[in-house]
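Visitor: Hi, could you walk me through this one? I'd like to start with the packing.

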Amino acid sequence: MEVLPLGPGFAAEIRGVSMSEVATRDDAYRAVRAAFEEHSVLVFRDQPVSDDLQVAYSRRFGPLEIAKAASRGEGTPFSILTNVEADGSLVPQGHKEELRARANQLWHTDSCFKIPPALASVLSGRTVAATGGETEFTSMRLAWERLPADLRRRLDNAYAWHDYAHSRGKIATHLASERERSTMPAVCWRMRWRNPVNGRDALYIASHTCRIEGMDTTEALQLIDELTALATRPEHVYQHRWRNGDVVMWDNRATLHRGRPWPLNEPRYMIRTTISATDADGLASMWPQRNAA
Ligand code: OGA
Ligand code: MN
């Protein structure tokens, strides 16, 4: 297996090992798992991706999430991100899927608003946009390490709340439906996720973060915005330009990502599988103390 660094201090392309080898061989899985723990974003090129292969690959890393209420793919392990309707037509501006794509263009980590949150996401480009539609990543480990020491100390024992409706609300007031709100109430996690394999800490915030325990909400939201802006300065970002057959996997504990816009008259069809975090992934120390409000 070859690991080719791609980004500024994180992200790598995997060569010489295919997704189907990871699915079927322990040694291949172990090598790719180690690269995942180390590099946070892994890129596979020219994969013969199918739904079955994507599930078999993803399943190696842990239990799969079932797509959330009211999403394309609800009740299956597949989250479908697309502007293509079931009948092949493209959605118009202002359509729910277009608004969702816009919400995905805010820097975030997947499923921090869920219990359990996500360890990793595996995104396959089934029809990639001819122009735009890139996905961008930043390392929240490097962001953590760059924080001034006093702020890092303050955040080391801090807890924040995450709410799906909060990030959707930034795009359109009613983008999160009643059903989404009632099935996904806000959840609270520690703001620093320690990787149990290498001991490295990452700042755990996202577009979904709606308040910080014990802090005035306006101040907290301002701090989240500042932390996000610092973490995502252009020089810290890896931009993935999709080719058909690409599969990108990322560590939701240690990265932020966002989609980039593409022309609405071009089809884009992406399928994501999401792996839930377990205690073995460091989740055990993410829970708020019992006495937290
Ligand atoms: C995702 C996501 C961005 C994109 O799949 O979780 O945010 O570029 N995707 O489609
Ligand atoms: Mn996402």
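Guide: Leaving out residues up to four places away in sequence, Tyr57 touches Met19, Val22, Ala23, Val32, Phe44, Val122 and Met249, a contact being heavy atoms within 4.5 Å. This is a predicted model, where local features need pLDDT of at least 70, side-chain atom pairs count only at pLDDT 80 or more, and totals for chains, interfaces and linings use all residues. Side-chain values use heavy atoms, with hydrogens and water left out; residues are numbered from 1 along each chain as its sequence is written, while chains are lettered from A and ligands numbered from 1 in the order in which they are written.

Visitor: OK, and which residues touch the most other members of the largest nonpolar core?

Guide: Val32, Tyr57 and Met249, out of 31 residues. A nonpolar core here is a set of buried Ala, Val, Leu, Ile, Met, Phe, Trp, Tyr and Cys residues joined through side-chain atoms within 4.5 Å, and buried means under 20% relative accessible area, exposed over 50%, partly exposed in between (1.4 Å probe, protein chains only).

Visitor: Which elements give two or more residues to this core?

Guide: Among them are helix 1 (19–24), helix 2 (26–39), helix 3 (51–59) and strand 5 (118–127). Helices (H or I, at least four residues) and strands (E, at least two) are DSSP runs, numbered from the N terminus. Helix 2 gives the most, with five residues. There's also a second, separate core of 23 residues, including Met140 and Ile224.

Visitor: New topic: what does the side chain of Thr273 make polar contacts with?

Guide: The side chain of Ser58, at 2.8 Å, and that of Gln54, at 3.2 Å. A polar contact is a pair of N or O atoms within 3.5 Å; within protein, one must be able to donate a hydrogen and the other to accept it, and residues adjacent in sequence count only if both atoms are side-chain atoms.

Visitor: Is Thr273 buried or exposed?

Guide: Buried, with a relative accessible area of 0%. Thr273 sits in strand 15 (residues 269–276).

Visitor: And the metal: which residues coordinate the manganese ion (ligand 2)?

Guide: His108 (NE2), Asp110 (OD) and His257 (NE2), at 2.1 to 2.2 Å. Donors are N, O and S atoms within 2.8 Å of the metal (3.2 Å for Na, K and Ca); water is not among the atoms, so sites may look incomplete. Asp110 lies in the loop between helix 4 (96–103) and strand 5, and His257 in strand 14, so the pair ties together parts 147 residues apart in sequence.

Visitor: Are those two buried or exposed?

Guide: Both Asp110 and His257 are buried.
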